[in-house]
Amino acid sequence: MRILLVEDDPALSLGVARALEREGWGVDVLNDGEQAAAHGLIDQFDLAILDLGLPKRDGMEVLRGWRGRGAKLPVLLLTARDELGDRVQGLNAGADDYLVKPFDLPELVARLRALKRRAEGRITETLSLGELTLDLAHRELMHRGERVRLSPRELALTELLMQRAGRLVPKESIVATLSSWESDFSENSVEVYVHRLRKRFADLGVAIKTVRGFGYVMELAEAS
Ligand code: CA
């Protein structure tokens, strides 16, 4: 998934961005409220983490602006301990959750997963296709009770494809999801990753089909 992080404390945004990237998520970082408010493509993100105390324009104003423009993505607010009133206001202004600083990174990650799950209308933290099961909370892909070992990016790609199993996943959305703050991911690298996954999944009963010029579809392999 692709996350927008708006936070003006450089050490904090670096730490958070690293933690999210370790989950295999793509992260874009902005560090003031004006940039965040002016961002024209908010809905291309799956989630936003928004600090309340931001330079130029505060987080609340940014959030109201986004919601006013019809942006539907889940938003998690970061607040300082003394901003209780702001938290309530924030929830009223359309935030979906908040976390008080200082917070633990694993808790942030768990909250983001829960927000994503709610947004997708899922009850459980697992995705399945045939005999493959992906445990999203523990980042484990299992096949008939055995773990299939993948790199974080391979797992992130598998997650994206399994979420939309049987449907087309456009190449651009794969690029956007797997790109990170520091390194851009190209369409060529998508092909490399898809190629690797195909090899890994060759005996596991699922196939990744290419829809030339558009993207990929993950589905059950036809019995041979
Ligand atoms: Ca701040």
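Strand β12 (residues 215-220) is joined to β10 by three bridges, and the two run antiparallel. Strands here are DSSP runs of E with at least two residues, helices are runs of H or I with at least four, and both are numbered from the N terminus. Two strands count as paired if DSSP finds at least two bridges between them. Within this pair, L168 stands opposite V217 in β12.

Before we go on, a word on the model: it is predicted, local features need pLDDT of at least 70, side-chain atom pairs count only at pLDDT 80 or more, and totals for chains, interfaces and linings use all residues. Residues are numbered from 1 along each chain as its sequence is written, and side-chain values use heavy atoms, with hydrogens and water left out.

The β10-β12 pair belongs to an open, antiparallel sheet of three strands in the order β10-β12-β11. Its edge strands, each pairing on one side only, are β10 (168-170) and β11 (206-211). On average, neighbouring strands of this sheet are turned by 30 degrees against each other, direction ignored.

The other open sheet has five strands, paired in parallel and ordered β2-β1-β3-β4-β5. Here β2 (26-30) and β5 (97-100) are the edges, each pairing on one side only. The twist averages 20 degrees from one strand to the next. Four bridges link β4 (residues 75-79) and β5 in the parallel sense, and L77 has Y98 of β5 as its bridge partner.

Contact means heavy atoms within 4.5 Å; axes are lines fitted to C-alpha atoms, for helices over the stretch in contact, and angles run from 0 to 180 degrees between N-to-C directions.

| Helix | Strands touched or crossed | Angle |
|---|---|---|
| α4 (residues 84-92) | β4, β5 | about 160 degrees with β5 |
| α8 (residues 187-201) | β11, β12 | about 150 degrees with β11 |

Helices also pack on each other: α1 (residues 10-22) and α5 (residues 105-120) meet at an angle of about 55 degrees, with their axes 10 Å apart. That makes α1 oblique to α5, since angles under 35 degrees count as roughly parallel, over 145 as roughly antiparallel, 65 to 115 as roughly perpendicular and the rest as oblique. The contact is made by G15, V16, A19 and L20 of α1 with L105, L108, V109 and L112 of α5.
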